[in-house]
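Let's take a friendly walk through the side-chain contacts of this chain. Have a look at the sequence and the model first, and then read on.

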Amino acid sequence: QVQLVESGGGLVQAGGSLRLSCAGRTFGYATAWFRQAPGKERDFVAAIRWSDTYYADSVKGRFTISRDNAKNTVYLQMNSLEPEDTAIYYCAARRVGRTYSDNYLEYDYWGQGTQVTVSS
């Protein structure tokens, strides 16, 4: 069983930055960030597996996913934030041996989520 705990959300003005953290023993797991705005589907944001990273088109060039194995933490650095980035951000992981996916239904472990609000 993998337990994931997100932190780092908050309120920021448009153009600002935030760094989200996902603490959990996910070494060797495909680990991803998803987000969900009110009334909308849960959308893929970014994923990392070993040294490979993947991004949704909407965040490419603005967000960076990374991992610190010594700290058992995956990060999501978010720059040039826009009001459209406002959502609850969730960390998720797939079972060992499975590659990344942009489909939230294919993830096995989830954190509780952290709210990100970007004001205009």
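## Aromatic rings

Ring pairs link F34, F44, Y54, Y90, Y100, Y107 and W110 into a cluster. Here, rings of Phe, Tyr and Trp (its six-membered ring) pair if their centres lie within 6.5 Å; planes under 30 degrees apart count as stacked, over 60 as edge-to-face and the rest as tilted. This is a predicted model, in which local features need pLDDT of at least 70 and side-chain atom pairs count only at pLDDT 80 or more, while totals for chains, interfaces and linings use all residues. Residues are numbered from 1 along each chain as its sequence is written, and side-chain values use heavy atoms, with hydrogens and water left out.

Searching the whole structure gives nine aromatic pairs. Strands (E, at least two residues) and helices (H or I, at least four) are DSSP runs, numbered from the N terminus. Both Y29 and Y109 are buried, where buried means under 20% relative accessible area, exposed over 50% and partly exposed in between (1.4 Å probe, protein chains only). Y107 and W110 also form an edge-to-face pair, with 6.4 Å centre to centre and 65 degrees between the planes. Y107 is buried at a relative accessible area of 6%, whereas W110, at 26%, is partly exposed.

## Charges over rings

Two arginines have their charged ends over tyrosine rings: R42 over Y90, 3.8 Å from the ring centre, and R94 over Y107, 6.0 Å from the ring centre. The criterion is NZ of Lys or CZ of Arg within 6 Å of the ring centre and within 35 degrees of the ring normal.

## Salt bridges

Side chains of opposite charge can pair when their charged atoms come close. The whole structure holds six salt bridges, each a side-chain nitrogen of Lys or Arg within 4 Å of a carboxyl oxygen of Asp or Glu. One of them joins D85 to R35, with the closest N and O atoms 2.9 Å apart. D85 sits in the loop between strand 8 (73-78) and strand 9 (87-93) and R35 in strand 4 (residues 31-36), so distant parts of the chain, 50 residues apart, are linked. D85 counts as buried at 1% relative accessibility, and R35 does at 12%.

E82 pairs with R62, the closest N and O atoms being 4.0 Å apart. E82 is partly exposed at 33% relative accessibility, while R62 is buried at 11%. Between D108 and R95 the closest N and O atoms are 3.0 Å apart. Both D108, at 26%, and R95, at 40%, are partly exposed. Salt bridges that share partners join R35, R62, E82 and D85 into one network.

## The nonpolar core

Which residues have the most contacts inside the largest nonpolar core? They are W33, V45, F63, L76, M78 and Y89, in a core of 33 residues. Such a core is a set of buried Ala, Val, Leu, Ile, Met, Phe, Trp, Tyr and Cys residues joined through side-chain atoms within 4.5 Å.

Leaving aside residues up to four places away in sequence, Y89 touches residues including L20, W33, R35, V45, F63, L76, M78 and V116. Contact here means heavy atoms within 4.5 Å.
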